[in-house]
Amino acid sequence: MAQAVFSVQMDETLKKQFDILCSDFGMNASTAINVFARAVVRERRIPFEIVSPQPDSVQEVTRGRALQAFHALRAQAKENFPQGMELEEINEEIRRARYHGEDA
């Protein structure tokens with residue numbers, strides 16, 4: 001099969017990171033790009049989702065990161081749980097926090 005040259009420009013740091021990761025996979029960047037191209041042709045689609053970034057560079061919340069944040073909040077709540085407060089007092093604290101001290 002005839003070979004063709006495919007040239008891509010990318011950030012130098014990204015290229016170095018890509019080369020290292022490809023090496024970890026036991027291949028070079030050229031092989032990785034070929035694997036990608038074959039998947040695109042075979043599946044007739046980009047084999048991953050491409051989305052527009054949110055305004056203000058909001059990071060994508062993944063299930064793993066959301067669970068990690070949840071567990072961290074749970075641990076913090078357990079550590080800082082207000083001893084001796086009634087449910088209504090806790091709810092009032094929440095209302096004040098939501099409205100930044102304004103009367104709810």
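R42 is exposed, at 60% relative accessibility. Exposed here means over 50% relative accessible area, buried means under 20%, and partly exposed is in between (1.4 Å probe, protein chains only). The side chain of R42 meets that of E43 in a salt bridge, 3.7 Å from N to O. By salt bridge I mean a side-chain nitrogen of Lys or Arg within 4 Å of a carboxyl oxygen of Asp or Glu. E43 is partly exposed, with a relative accessible area of 32%.

Before going on, a word on the model. It is predicted, and local features need pLDDT of at least 70, side-chain atom pairs count only at pLDDT 80 or more, while totals for chains, interfaces and linings use all residues. Residues are numbered from 1 along each chain as its sequence is written, and side-chain values use heavy atoms, with hydrogens and water left out.

How many salt bridges does a search of the whole structure find? The search finds seven. In general, side chains of opposite charge can pair when their charged atoms come close.

Next, helix α1, residues 12-24. Helices are DSSP runs (H or I, at least four residues), as are strands (E, at least two), and they are numbered from the N terminus. D19 and K15 form a salt bridge, with the closest N and O atoms 2.6 Å apart. Why are D19 and K15 separated by about one helical turn? Because they are four residues apart in helix α1. D19 is partly exposed, with a relative accessible area of 29%, and K15 is also partly exposed, at 35%.

Now helix α4, residues 87-98. Here E92 pairs with R96 in a salt bridge, the closest N and O atoms being 3.7 Å apart. The two residues are four apart, about one turn of the helix. E92 is partly exposed at 27% relative accessibility, and R96 is partly exposed at 38%. Salt bridges that share partners join E92 and R96 with E88 and R95 into one network.

Last, the nonpolar side. Which residues make a nonpolar surface patch of about 480 Å²? They are F6, V8, M10, L14 and I33. Patches are made of residues with over 30% relative accessible area and no salt bridge; like charges are joined within 9 Å, and nonpolar side chains (Val, Leu, Ile, Met, Phe, Trp, Tyr) within 5 Å. Accessible areas come from the Shrake-Rupley method with a 1.4 Å probe, and for residues only the protein chains shown count as cover. F6 lies in the segment before α1 and is exposed, with a relative accessible area of 65%.
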